[in-house]
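Colleague: I have the sequence and the model open side by side, and I would like to go through the fold with you. Could you take my questions as they come?

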Amino acid sequence: MMRIMSTSPKDRTAQAPAESAPGGTATTRVLIIEDNQNLAFGLSRSLEAEGFSVTIAEDGPEGLAAARETTPDLILLDLMLPGIDGYTVLRTLRDEGVGVPVLILTARGEEADKVFGFRLGADDYVTKPFGLAELLERVKALLRRSSARRGGSDGQAAAAAPAERFGDVAVHTASRTVTKNGSQIALTPKEFDLLVALLRRNGAVAGRFELLKEVWGHQTEVMTRTVDIHVAELRRKLEDDPSAPKHILTVWKAGYRLDRG
């Protein structure tokens with residue numbers, strides 16, 4: 001049984017499930033993997049006030065163990081961790097088939113770090129210092145998207161639903177799988193959601209803020225480069241020549257559109 005930080009950051013004890021509150025439910029579990037005890041403690045108290053049940057791990061190995069044992073609904077993951085760094089934790093979980101949403105917390109703000117995190121399967125990224133209200137909204141948005149995906153899954157529908165196609169790419173929305181020339185392509189949850197958002201527009205342009213709201217659930221104009229980074233990853237994985245894409249196109253000063261031709 002994993003330990004959870006109590007009132008004092010230095011005193012860690014088992015905790016009963018959180019009471020239901022507007023932001024979450026007694027069964028909504030958040031795992032915080034963060035070695036800064038004060039930050040982890042503050043985040044835990046704020047999330048518990050919203051109705052979430054929170055587990056805290058203070059290093060990489062403990063974080064991996066907690067993710068495997070507590071089956072969280074969402075993970076808040078620091079990158080600079082003792083023992084095993086956050087990148088390795090994330091890669092290991094994704095390699096093991098753990099699809100839980102992961103929101104990265106880090107002091108690193110360079111775009112290359114964000115790109116690498118997204119490639120490993122991160123769903124969102126917040127750079128320290130960050131506003132607590134924004135973080136809570138991002139947590140709730142990720143949980144809503146995850147819940148919608150789970151609620152909409154159906155084995156029979158997955159088998160019967162026709163694939164959406166463009167070029168040599170087939171997108172199976174019910175099973176959330178993508179193939180190119182018959183070979184399956186591994187997309188992160190957010191890459192898949194972004195691809196579907198573009199497909200649904202049937203060639204119409206989607207703006208960056210529009211996609212942020214639809215795919216990430218953001219209500220404010222934040223992190224526009226998040227969309228650009230994910231589009232670049234989709235091109236890298238699905239286009240024959242990512243530097244000269246034929247399907248996932250940029251519309252100057254407007255956004256992106258998907259050409260099925």
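Colleague: Let's begin with the open sheet: in what order do the strands come, and is the pairing parallel or antiparallel?

Modeller: Bearing in mind that this is a predicted model, the open sheet is formed by 4 strands in the order β8-β9-β10-β11, and their pairing is antiparallel.

Colleague: Which ones are the edge strands?

Modeller: Those are β8, covering 164–166, and β11, covering 183–185, each of which pairs on one side only. From one strand to the next, the twist averages 30 degrees.

Colleague: How many bridges join β9 to β10?

Modeller: There are 4 bridges between β9 and β10, the latter being residues 177–180, and the two strands run antiparallel. Within that pairing, H172 stands opposite T177, while V169 has K180 as its bridge partner. The hairpin of these two strands has 4 residues between them, and R176 there takes a positive phi near 55 degrees.

Colleague: And what about the hairpin of β10 and β11, how many residues lie between the strands there?

Modeller: That hairpin has 2 residues between the strands, and N181 takes a positive phi near 55 degrees in it. β10 and β11 pair over 3 bridges, again in the antiparallel sense, and V178 has I185 in β11 as its bridge partner.

Colleague: Changing topic to helices, which strands does α9 lie across?

Modeller: α9 lies across β8, β9, β10 and β11, and runs at about 45 degrees to β10.

Colleague: Now the inside: how many residues are in the largest nonpolar core, and which have the most contacts inside it?

Modeller: The largest nonpolar core has 25 residues, and those with the most contacts inside it are F166, V171, V178, L195, L211 and L238. Two or more residues each are given to this core by β9 (169–172), α7 (189–200), α8 (208–216), α9 (225–238) and β13 (255–258).

Colleague: Which element gives the largest share?

Modeller: That is α7, with 7 residues of this core.

Colleague: Back to L238 for a moment, what does it touch?

Modeller: Leaving aside residues up to four places away in sequence, L238 touches F166, V169, V178, K180, I185 and L195.

Colleague: Last one: which residues does the second, separate core include?

Modeller: The second core has 23 residues, and among them are L31, L64, I75 and Y87.

Methods
Residues are numbered from 1 along each chain as its sequence is written. This is a predicted model: local features need pLDDT of at least 70, side-chain atom pairs count only at pLDDT 80 or more; totals for chains, interfaces and linings use all residues. Side-chain values use heavy atoms; hydrogens and water are left out. A nonpolar core is a set of buried Ala, Val, Leu, Ile, Met, Phe, Trp, Tyr and Cys residues joined through side-chain atoms within 4.5 Å. Buried means under 20% relative accessible area, exposed over 50%, partly exposed in between (1.4 Å probe, protein chains only). Contact means heavy atoms within 4.5 Å. Two strands pair if DSSP finds at least two bridges between them. Axes are lines fitted to C-alpha atoms, for helices over the stretch in contact, and angles run from 0 to 180 degrees between N-to-C directions.
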